[in-house]
There are 2 protein chains.
Amino acid sequence: MDNKQLTMDNYLKLIEEALAINGDSPLKEAVQYSLNAGGKRIRPVLTLAFCEAYGGDVRKHAPAAAAIELLHTSTLIQDDLPCMDDDDMRRGKPACHKAFSESDALLAASSMAYRAIYMLEDPRIIKAVCGYMGKVYDGQKLDLGGSPDTLRVYELKTCALIQAACVTGVIAGGGSNSAIKNAHDYGYNLGLAFQLIDDILDGEGHESAALDAEKYTREALKLLEAVPNNEFLTELTKKLLHRKN
Amino acid sequence: MDNKQLTMDNYLKLIEEALAINGDSPLKEAVQYSLNAGGKRIRPVLTLAFCEAYGGDVRKHAPAAAAIELLHTSTLIQDDLPCMDDDDMRRGKPACHKAFSESDALLAASSMAYRAIYMLEDPRIIKAVCGYMGKVYDGQKLDLGGSPDTLRVYELKTCALIQAACVTGVIAGGGSNSAIKNAHDYGYNLGLAFQLIDDILDGEGHESAALDAEKYTREALKLLEAVPNNEFLTELTKKLLHRKN
């Protein structure tokens, strides 16, 4: 347990280091504010954990994990905008467009996206990530349009970014095509469980949400059996089912 | 002259083919609307012209040129939003957020960006393009903040995307590092001339704008002397100085 906790701390330290924004962009303050607004870094941790499970060098690939967090944060900034979900607060702090301005938030979100892609070295990772990000925006569109197909919305809006995180880790770690496919499927199931628990924590979960979350978590755990050195990922997957925030 | 006109037509045909949006994204309509709203395709033409000048296969690299147009269009959609320049019209047609909705416009712009990067195969091009795109957003921020440093704003906001177009072409065409640097400098000068003429056509140009536009065009033409097979680019550069829209 101590050992595992240390691993999580190590991952988080690597991610924070790789997220440090250099340069003198006029959008730096808005970018940093959003990056440091209390995100749990679950997605970049998944990237590093998959990378390490397949024998990759997590120090070398920390920028890829940081890129995933940048992409995730850029979508959160956009989600909170008045024309989207119109949320003034994010994780107990003013949303980026309230702390700064709507235009700052919009520009910071796009700036972060290009910064993220810039940090990705492997063209296969870039292609995979851009494909998943396209799905995220399709999912937002369906969600805002009130699509009744909740599963499809979750698959696009939530799962795709988690799948991007996992698949990026596998490619960075040198995993095979079947390992990539396995991480894609794992991310799908983890993403659904994650979103259902989010719904429950937001008081919005439907009646069978808890049972469904358990079902998808079990499926995710089953898929992890094919992953080498899967102790950390197994533990994390179980923890995410029982998280309280 | 006929021969040159044919080349432009050929470039435009290749670009339109590469811009055709496949798949069934729920954002497809908004993306297509904006792509077909009368853009002159100057940036992707620059990409193909540089590519061909350095001996590259323009058919093979048409997707890279299309990607540049997607990126350009995504910034125009964002520029027109109420929290940005708040323009209801773009090239005589309703802006994307008026024809659709603000959220559709925002989502389509991001979706186009990822689609664009997905179309770029060469990691050197991706890195260059993402670097330039970061500058575009920095420039928007300075511009909206009312920066008095007009040259700096133009350099970031306008020149960077034109430089991305030129540099992408050179890399796709197999040009050397010094050819890349030369295209970067050419794009800077063409970008300044382009923006100054835009200002004049918008009735906003300062007193010496026309003279400055000529000066930067002369500089751009001088830089083209180092480019092989530069007839098309030379002609285009001169035409852009005298354009009426």
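Which residues does A:Thr73 touch, not counting residues up to four places away in sequence? In this predicted model, the partners are A:Ser34, A:Leu35 and A:Met112, where touching, or contact, means heavy atoms within 4.5 Å. A:Thr73 sits in helix α4 (residues 58-80) of chain A. With a relative accessible area of 4%, A:Thr73 is buried; buried stands for under 20% relative accessible area, exposed for over 50%, and partly exposed for anything in between (1.4 Å probe, protein chains only).

A quick word on ground rules. Residues are numbered from 1 along each chain as its sequence is written, while chains are lettered from A and ligands numbered from 1 in the order in which they are written. Local features need pLDDT of at least 70, side-chain atom pairs count only at pLDDT 80 or more, and totals for chains, interfaces and linings use all residues, with side-chain values based on heavy atoms and with hydrogens and water left out.

Now for chain A as a whole. Read from the N terminus, the order of elements is α-α-α-α-β-β-α-α-α-α-α-α-α. Chain A is as compact as a globular protein of its length, because its radius of gyration of 17 Å is close to the 18 Å that the globule rule gives for 245 residues. That radius is taken over C-alpha atoms, and the globule rule is 2.2 Å times the number of residues to the power 0.38. Along the principal axes, the C-alpha atoms of chain A fill a box of roughly 45 × 45 × 35 Å. Of the 245 residues in chain A, 56% are buried. Among contacts in chain A between residues at least 6 apart in sequence, 70% join residues at least 24 apart.

Leaving aside residues up to four places away in sequence, A:Ala209 touches A:Leu196 and A:Ile200. A:Gln32, on the other hand, is 177 residues from A:Ala209 in sequence and 35 Å from it in space, C-alpha to C-alpha.

Next comes the interface. Here 34 residues of chain B are in contact with 34 residues of chain A. Together the two chains bury about 3200 Å², 72% of it on carbon and sulfur atoms; buried area is the accessible area (1.4 Å probe) that two parts lose on being put together, summed over both. B:Tyr114, B:Lys127 and B:Lys141 supply 23% of the area that chain B buries against chain A, more than any other three residues.

Across this interface there are 10 residue pairs in polar contact (both at pLDDT 80 or more). A polar contact is a pair of N or O atoms within 3.5 Å; within protein, one must be able to donate a hydrogen and the other to accept it, and residues adjacent in sequence count only if both atoms are side-chain atoms. On the side of chain B that touches chain A, the elements giving two or more residues are α4 (58-80), α6 (102-119) and α7 (123-144) of chain B. The most comes from α7(B), with 13 residues. By class, that side of chain B has 19 nonpolar, 9 polar and 6 charged residues; Ala, Val, Leu, Ile, Met, Phe, Trp, Tyr, Cys and Pro count as nonpolar, Asp, Glu, Lys and Arg as charged, and the others, Gly among them, as polar.

The interface of chain B and chain A has 4 salt bridges. A:Lys127 pairs in a salt bridge with B:Glu121, the closest N and O atoms being 2.8 Å apart.

Within chain B, the side chains of B:Glu69 and B:Arg41 form a salt bridge at 3.0 Å, N to O. This pair links distant parts of the chain, 28 residues apart: B:Glu69 is in helix α4 of chain B, and B:Arg41 is in the loop between α2 (28-35) and α3 (42-53) of chain B. B:Glu69 is buried at 2% relative accessible area, and B:Arg41 is buried at 6%.

Terms used
Helix = DSSP H or I, 4+ residues; strand = E, 2+ residues; numbered from the N terminus.
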